[in-house]
Amino acid sequence: MADEIKKEEEKSLNFLEEIVEEDLAAGRYKSILTRFPPEPNGYLHIGHSKSIVLNFGLARKYGGKTNLRFDDTNPVTEDTEYVESIKADIRWLGFEWANEFYASDYFEQLYLFAEELIRKGLAYVDDSSAEAIARMKGTPTEPGTASPFRTRDVETNLQLFRDMRAGKYKDGEKVLRAKIDMASSNMHFRDPLMYRIKHAHHHRTGDAWCIYPMYDFAHGQSDSIEKITHSICTLEFVPHRPLYDWFIEKLDIFPSHQYEFARLNLNYTVLSKRKLLQLVNEGHVSGWDDPRMPTISGLRRRGYTPESIRLFAEKIGVAKRENLIDVSLLEFCVREHLNKIASRRMVVFDPLKIVVSNYEQPEEWLSSEDNPEDPGTTHRQLPFSRELYIEQDDFMENPPKKFFRLSPGQKVRLKSAYIIQCDEVVKDASGKITELRCSYLPESKSGGAQSNMKVQATIHWVSIPHAITAEVRLYDRLFRVEDPANEAGDFKEYINPDSLQVLQAAYAEPALRNAKFDEHYQFLRKGYFYLDKDSSEEKMVFNRTSTLRDTWAKEQRKDRPNP
RNA sequence: UGGCCUAUAGUAUAAUGGUAGUACGACAGAUUUUGGUUCUGUUUGUCUUGGUUCGAAUCCAGGUAGGCCAACCA
């Protein structure tokens with residue numbers, strides 16, 4: 001039975017796996033080579049992780065390899081800062097590339113390709129301005145018109161192109177264009193630009209070049225030079241594919257092939273570098289790694305794990321249909337992993353003081369499991385004393401029917417400790433509750449002979465004299481609407497003003513003092529938390545990675561529907 | 001008003017001419033020293049109209065809807 005299910009799963013391939021299997025079966029390739037080709041002009045985000053898992057995953061599954069290639073053909077937007085962050089993010093996600101290449105490695109070769117096309121009469125130098133070229137391009141329903149420079153002879157074109165390279169012209173004075181078809185229904189065939197002049201410093205080639213190839217004249221050729229078998233990109237490049245093939249055919253070079261999939265869209269966030277850059281530059285977030293950002297670095301700082309992001313990338317699948325994935329799936333994936341690995345700790349956010357009136361000892365140390373999901377779990381020591389904090393939320397003076405926690409005369413268990421009963425509610429002059437007087441049941445001690453006594457609920461707590469404090473940052477979705485990018489007006493109007501809530505001092509059990517960056521925590525009943533880089537010797541700071549599922553909160557919402 | 005891509009539960013994704021399945025979500029219940037976890041159950045779907053066929057989510061044609069394409073960006 002299990003085998004049958006497994007077989008079914010194996011049979012169910014996504015369309016890219018089908019293509020690869022067919023190519024391999026037909027003997028078109030001995031092994032496959034994919035590439036992940038970011039432009040180093042921004043940080044990687046969760047959308048890129050789909051592409052990364054796809055490219056590296058496909059190669060891994062079919063015994064092939066994956067290159068990392070930086071598509072650095074536009075010197076004015078690119079920077080080594082981005083190169084470094086991109087490499088760090090890919091490694092953190094758990095992937096290693098076969099080769100690290102740069103489109104700029106191929107500038108000389110690409111230049112020679114261009115001369116070859118000129119010699120074949122398939123490219124020409126155009127002196128027209130950008131505006132003139134745009135005008136002559138026509139529209140999707142009207143054909144374009146030929147540039148007056150379209151008929152220049154080969155020798156002239158060759159000389160002019162060499163002069164372009166030599167720096168004889170200023171930015172914008174000339175471009176190199178492919179000579180294809182000004183009437184094509186595919187706008188990319190109306191003599192697309194191959195090279196433009198940019199007297200700009202390149203992060204790798206410095207000032208060696210003043211002409212730079214356009215995307216269409218760099219990407220396919222770079223794939224071909226590396227002998228990439230399957231060049232996988234997003235759907236907006238579909239109209240480029242005929243041009244991708246045209247250059248390869250005219251140059252008669254290794255025939256890489258392009259395949260397109262639908263990019264990831266996630267609700268309640270934005271996933272475009274331009275928009276993310278705006279959020280950073282205009283101070284709506286603290287940086288690319290702000291824990292509310294959908295960047296890999298933001299998710300990492302927030303406490304997401306590589307495993308959870310890979311799981312997400314696998315669960316969303318891949319197809320050619322536009323999609324908007326529900327963040328609840330991402331949250332499910334991170335809880336799924338963190339539940340297995342997170343160390344449990346008790347932390348009170350909003351304290352209510354409890355005095356255990358019949359507790360006479362100064363203190364006692366109890367044992368509690370670090371992770372009940374782990375059969376071989378370790379245990380930590382937990383101090384108990386006469387004065388404790390519990391959560392305000394865990395006490396109600398006049399509880400509704402389904403409230404299981406503490407209320408006057410009622411009992412609850414303190415996790416890993418004793419059952420207590422609320423005997424008295426102490427209030428100040430204004431009627432505000434200042435503390436609770438409770439009595440404990442010594443025989444109910446956790447782990448003891450009679451510890452199986454039943455009460456309705458178990459709550460977390462902290463011993464006041466032993467408590468340490470930490471700052472806690474609680475995050476909510478960055479936007480108030482599902483699809484801010486497609487809403488009327490500026491997407492920034494839809495930013496959620498309450499996406500960050502800071503608790504200056506939460507009270508934690510002392511074991512949290514040793515918190516480390518390689519450990520994830522579950523604050524019992526509160527959520528998953530991860531140490532933030534803003535922590536110092538004096539003050540620990542924790543980010544809430546995710547809440548726990550909360551069916552009680554749902555129950556409450558039902559009782560008090562939105563006005 | 002041209003060309004191209006796409007259309008399966010609320011959201012994704014599978015079924016490759018032969019019983020429409022899976023995950024997340026939602027809802028209900030069991031278990032639980034986390035109102036967590038785990039387990040069980042329920043709910044909801046082939047854009048539309050024709051055609052081919054014994055049989056269509058699948059193939060064909062028309063329609064409809066959404067997306068992409070006219071940057072010296074990638």
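Which side-chain N or O atom is 3.0 Å from a phosphate oxygen of RNA strand B? That atom belongs to T551, and the pair counts as a polar contact, defined as two N or O atoms within 3.5 Å; within protein, one must be able to donate a hydrogen and the other to accept it, and residues adjacent in sequence count only if both atoms are side-chain atoms. The model is predicted: local features need pLDDT of at least 70, side-chain atom pairs count only at pLDDT 80 or more, and totals for chains, interfaces and linings use all residues. Residues are numbered from 1 along each chain as its sequence is written, chains are lettered from A and ligands numbered from 1 in the order in which they are written, and side-chain values use heavy atoms, with hydrogens and water left out.

RNA strand B is surrounded by 72 residues, a residue being near a strand if one of its heavy atoms lies within 4 Å of it. The closest are E18, R321, R344, R405 and S446. By class, 25 of the residues on this surface are nonpolar, 23 polar and 24 charged; Ala, Val, Leu, Ile, Met, Phe, Trp, Tyr, Cys and Pro count as nonpolar, Asp, Glu, Lys and Arg as charged, and the others, Gly among them, as polar. Sugar or phosphate accounts for 63% of the RNA atoms within 4 Å of the protein, and bases for the rest. A polar side-chain atom of S12 lies 3.4 Å from a sugar or linking oxygen of RNA strand B, while a backbone N or O atom of S416 lies 3.0 Å from a base oxygen. At least two residues of the surface come from each of α6 (130–136), β6 (193–197), α12 (306–316), α13 and α14 (551–559). Helices (H or I, at least four residues) and strands (E, at least two) are DSSP runs, numbered from the N terminus.

Chain A is assigned domain 1 (26–261), domain 2 (273–343 + 471–559) and domain 3 (347–460), with bounds from an automatic or database domain assignment. The C-alpha centres of domain 1 and domain 3 lie 65 Å apart.

One open sheet of seven strands has mixed pairing and the order β10-β23-β24-β25-β21-β22-β11; two strands pair if DSSP finds at least two bridges between them. Its edge strands, β10 (343–345) and β11 (347–348), each pair on one side only. Strands β21 (468–475) and β25 (541–546) are parallel, with three bridges, and V472 stands opposite F542 in β25. R525, in the loop between β23 and β24, has a positive phi of about 65 degrees although it is not a glycine.

Strands β12 (351–356) and β15 (387–391) run antiparallel and are joined by five bridges, with L352 partnered by I390. Strands β16 (411–414) and β17 (419–427) pair in the antiparallel sense over three bridges, and V412 has I420 as its bridge partner. Four residues separate β16 from β17 in a hairpin, and S416 in the turn has a positive phi of about 65 degrees. Two bridges join β16 to β19 in the parallel sense, and R413 stands opposite T458.
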